[in-house]
Each structure stands twice: as C-alpha cells, then as structure tokens.
Amino acid sequence: MEQPLTQKKTEEASDKNIRNHDARLLNNKTAGIPRVLSFSSGKGGVGKTNTVVNVALALRKLGYRVMILDADLGLANIDVILGLTPNYTMSNVFSGEAGLRDVLIRGPGGILVLPAGSGTTELINLGEGEKLFLLNEMEELEKDIDIMLIDNAAGISENVMYFNIAAQQRVVVVTPEPTSITDAYALIKVMANKYKVNSFSILINLAKDSEDARRVFAKLTSAIDRFLGTIAIDYLGFIPKDDVVPMAICRQKAVLEAYPDSMASKSFAKLAVNLLNPKGREYSDGNIKFFWRHILKA
C-alpha cells in the first residue's frame with residue numbers, strides 16, 4: 001500500500017535532516033578541530049552539572065566523541081552523578097603520579113570525564129616546563145575527541161572567568177527563580193565589562209513550559225539590553241521540570257540513560273542539536289588547542 005503523501009513528505013524531510021547532520025558530522029571530524037563549550041551559572045542549584053552530563057550523552061548518541069572537564073573546584077561532582085570512581089585527578093598529573101590519560105574515566109555511552117578536582121587551580125601557576133608538558137599531553141588527547149564540555153563552578157570566581165574566556169561557546173544556565181536570573185545577569189555583566197566577552201547562549205532549566213521559559217529569557221535579556229548594551233544573546237531553548245530527573249540523580253544515572261522517553265530526555269536531545277547549530281554564527285576561537293594555550297599562557 002502506498003504511503004499517504006503527508007507521511008511520505010515527513011519521512012523525506014526527516015531523512016534529509018539526518019543526511020545533513022551526517023554531512024556536518026563528517027566535516028567536523030575531518031576538520032580535526034574539537035570544539036569547547038563552557039557551562040556556567042550565576043548561582044548553584046540550577047541543574048548545571050546535570051545538564052552537562054545529559055548534553056554529553058545526547059551528543060555521544062549523535063556520534064560525537066565527547067569529553068567533560070569537571071572544573072567545579074571543591075564541589076566537583078560529575079563522577080558522583082554518574083556513579084563513577086576516579087583513581088586520579090589533575091593534581092596527580094601535576095605531581096607526576098599519573099599521566100593525563102590515566103586521569104580520564106569513561107562514563108555512560110563512552111563519554112570521557114576529566115575529573116580535574118582541586119588540581120584545576122594549579123593550571124594558572126605552572127612553570128614553563130610544566131606548561132609545555134601539559135600542552136603536549138592535551139594535543140595528543142585532542143585526537144580522541146570532537147567536543148569538550150566544561151562544567152564550571154557556580155558564581156563569578158577567577159577560575160570561572162578563565163574557562164569562559166577560553167571557550168568557544170558560553171552557555172549560561174538559568175531557572176525561573178528571581179535569584180537565578182539576577183545572578184546570571186551579574187555573571188554576564190562581569191564577563192562583558194571586565195573581560196570583554198560579548199556573546200552568550202542562554203538555557204532555561206526547570207521551566208514549567210515554553211511560555212515560562214520565554215518569560216525568563218525576556219526578563220534577562222531586557223536587563224542586558226538596558227544596562228550592558230550590544231551583547232549577543234542566543235536562546236538555546238529550555239529543559240522542563242520533570243520528576244524523573246531527581247529520580248535519575250538518585251540512581252546515579254543520566255536521565256537520558258535511565259528515562260530515555262521522558263520530557264527532559266527529549267529536551268536534552270533537542271538541546272544537543274541546537275548546540276551543534278549555533279544560528280549561523282562562526283566561531284574562530286575555542287578549539288581544544290586554543291583553549292589550553294589560553295589557559296596556560298605565560
């Protein structure tokens with residue numbers, strides 16, 4: 001029996017989208033330029049780390065080789081959320097106890113996690129020999145990944161600024177809570193005024209629905225437009241408040257892994273695609289080599 005015309009057109013459009021995605025994936029991999037995306041928030045408790053974990057898994061499902069850098073100093077918990085037990089951290093690399101590949105641990109779906117831990121602070125104070133050693137290690141590592149996601153600490157510490165400046169795309173996670181909106185604005189203000197960073201992507205987490213998310217985005221961008229001037233703000237979308245998310249966290253699993261058909265999981269999958277298509281904006285910086293050279297510059 002012949003398919004209805006509408007169904008046939010829908011399937012043809014879906015096939016075209018898949019072919020386009022496969023072509024982009026091939027181009028990205030053959031280009032050999034891994035991307036670096038930094039995730040930050042003005043305050044804690046907005047679901048940033050959980051977002052990073054699920055975005056990583058969603059990108060992995062699309063065929064990308066993904067690494068997470070856990071840069072949340074003092075409260076690093078990517079390994080806890082995923083039920084992983086790291087044998088080493090970056091501190092062990094700097095002390096000579098382990099190599100960079102020894103530090104990496106493999107998570108669900110084959111995502112890689114670099115549990116930087118408290119050793120991340122030492123990145124700023126390395127000697128020249130140590131910097132060269134680490135750059136060589138990183139350049140070897142970049143052959144194995146297409147995308148690196150950075151899970152920053154909440155707030156506006158110096159380390160948060162460092163990682164954001166060096167990243168290609170900066171994602172700010174915001175919730176409908178007034179304090180989250182206010183603190184996200186404060187983060188963007190410091191980045192713009194002090195460090196001359198003028199482009200950000202906004203993700204609304206824990207929204208009731210699309211209208212609620214758009215309201216939060218409008219409130220944030222209104223303040224930015226009024227007080228900060230010409231800053232490029234992209235709306236990445238929203239992740240709905242979903243009861244299965246805390247259930248997955250309690251099970252120490254990504255929600256995409258534990259509840260793949262949930263509203264939250266479908267939203268994370270959509271977010272991953274949005275991150276791969278940054279509204280036509282071309283980024284000249286932010287590959288892995290640039291990132292580490294910026295972090296480790298003298």
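Good morning. Two strands count as paired when DSSP finds at least two bridges between them. With that criterion in hand, let us turn to the chain shown above, which is a predicted model.

I begin with confidence. The chain has a mean pLDDT of 82, and 75% of its residues reach 70 or more. Residues 1-19 call for caution: pLDDT stays under 50 there, and the model has two contacts beyond four places in sequence for this stretch.

Next, strand 2 and its partners. Strand 2 covers residues 66-71. Which strands does it pair with? Six bridges join strand 2 to strand 5, residues 147-152, and the two run parallel. Within that pairing, Val66 stands opposite Ile147. Three further bridges connect strand 2 with strand 4, residues 112-114, and this pair is likewise parallel. Here Met67 has Leu112 as its bridge partner.

Is strand 2 buried or exposed? Six of its six residues are buried, so the strand is largely enclosed by the rest of the structure. The side chains can be sorted by direction: Val66, Ile68 and Asp70 point one way, while Met67, Leu69 and Ala71 point the other way, and all are buried.

Helix 2 has 14 residues and reaches 20 Å from its first C-alpha to its last, close to the 20 Å expected at 1.5 Å a residue. Twelve of the 14 residues are buried, so helix 2, too, is largely enclosed by the rest of the structure. Among the buried residues are Lys48, Asn50 and Asn54, together with Val52, Val53 and Leu57. Just after the helix, Gly63 takes a positive phi of about 105 degrees.

I now come to the salt bridges, of which the model has five. I shall describe three of these pairs in turn.

In one of them, Glu177 is joined to Lys43, with the closest N and O atoms 3.7 Å apart. What does this pair tie together? Glu177 lies in the loop between strand 6 and helix 8, and Lys43 in the loop between strand 1 and helix 2, so the pair ties together parts that are 134 residues apart in sequence. Glu177 itself is partly exposed, at 42% relative accessibility.

Arg65 meets Asp146, and their closest N and O atoms are 2.9 Å apart. Arg65 is partly exposed, with a relative accessible area of 30%, whereas Asp146 is buried at 9%.

The last pair lies within a helix. The side chains of Asp212 and Arg215 meet in a salt bridge at 2.8 Å, N to O. Why are these residues about one helical turn apart? They are three residues apart in helix 9, residues 210-227, and that spacing is about one helical turn. In general, an α-helix has 3.6 residues a turn, so residues three or four places apart point the same way. Asp212 is buried, at 7% relative accessibility, and Arg215 is partly exposed, at 39%.

To close, I return to strand 2: bridges join it to strand 5 and to strand 4, and six of its six residues are buried. Thank you.

Definitions and conventions
Residues numbered from 1 in each chain as written. Predicted model: local features only at pLDDT ≥ 70, side-chain atom pairs only at ≥ 80, totals over all residues. Heavy atoms only, no water. pLDDT = per-residue confidence, 0-100. Contact = heavy atoms within 4.5 Å. Buried < 20%, exposed > 50% of the residue type's maximum accessible area, 1.4 Å probe, protein only. Helix = DSSP H or I, 4+ residues; strand = E, 2+ residues; numbered from the N terminus. Salt bridge = Lys/Arg side-chain N within 4 Å of Asp/Glu carboxyl O. Expected span 1.5 Å × (residues − 1).
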